[in-house]
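Here is a short briefing on one structure.

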Amino acid sequence: SILSPSSTMQGAFDSVETFLGKDMTMELLRKNPGILRAPKETITSSWAAIQEIMGDDEESTASLVLRCPEVLRSPGRTVNGAWESLKHLLGENRALELVTQNPAVLRSPSRTVRGAWTALVEIFDPETVRTLVSKNPDVLRTPSGTIREAYEALSQCLGSREQAESLITRSPSMVRVSADKITNVYHQLSEVVGTKEAQKRFCKTPSVFKLGRAAQTIWLDEQIENASKNSLDTGLI
């Protein structure tokens, strides 16, 4: 529900309508009605920052905002800070490609973007990090502590840093998973199927960490059930 004062809601609506016109404003609000909670000053400064990034091209700015309405809830200084960090780390052309691919990265404070990059280059060389970021820009929205802890947890569970790095290269989103979650799922699995098999399944299906808690529990139950069947089958031979 939207619980903002009517003056804030009206100001937000008027600001967006000024930039997009009524039809596109209604489309944007259907996607994210929470925009009406944003102060008009935030929306105005955010739009100005995005438009500058897009080379003062209003059509490109509108396209970006319609794909990621929530970016209008970040003040212009946040958008600018993220952009300047991305340009510094990736170069302007790659930064623009990244922002076009995933506008939400502009919502990250500059210190988060830089912290995530620093944590990643402790693990990989800069060009590999650029590749990871291109595959999944959300890694730059991840706190540096989360990245470091996820890497250490994966290294311990998989038995080596090389295995952890290989998994992250294939599935960059693994650095966004909490270390506790990685460790808990691994231990539950290894207790049933053993260390080697748990490591193998871990590497094969990293997408399990994208599942909700209920779906993840079902996946673990299936692994346990399959392990039990295999054990019974072996015993009958």
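The largest nonpolar core holds 72 residues. Such a core is a set of buried Ala, Val, Leu, Ile, Met, Phe, Trp, Tyr and Cys residues joined through side-chain atoms within 4.5 Å. This is a predicted model: local features need pLDDT of at least 70, side-chain atom pairs count only at pLDDT 80 or more, and totals for chains, interfaces and linings use all residues. Residues are numbered from 1 along each chain as its sequence is written, and side-chain values use heavy atoms, with hydrogens and water left out.

**Core**
- Leu28, Leu72, Leu86, Leu140, Ile182 and Phe202 touch the most other core members.
- The largest share of this core, 7 residues, comes from α8 (helices are DSSP runs of H or I, at least four residues, numbered from the N terminus).
- Phe202 has contacts (heavy atoms within 4.5 Å) that include Leu154, Cys157, Ile182 and Phe209, not counting residues up to four places away in sequence.

**Cysteines**
- The whole structure has 0 disulfides (pairs of cysteine sulfur atoms within 2.5 Å).
- The sulfur of Cys203 lies 10 Å from the closest cysteine sulfur, in Cys157, too far for a bond.

**Thr142**
- Thr142 sits in the loop between α7 (126-135) and α8 (144-158).
- Thr142 has 2% relative accessibility, so it counts as buried.
- Its side chain reaches the backbone oxygen of Val139 at 3.2 Å.
- Leaving out residues up to four places away in sequence, Thr142 touches Thr112, Ala116, Ile147, Val175 and Arg176.

How values were computed
Helices (H or I, at least four residues) and strands (E, at least two) are DSSP runs, numbered from the N terminus. Buried means under 20% relative accessible area, exposed over 50%, partly exposed in between (1.4 Å probe, protein chains only). A polar contact is a pair of N or O atoms within 3.5 Å; within protein, one must be able to donate a hydrogen and the other to accept it, and residues adjacent in sequence count only if both atoms are side-chain atoms.
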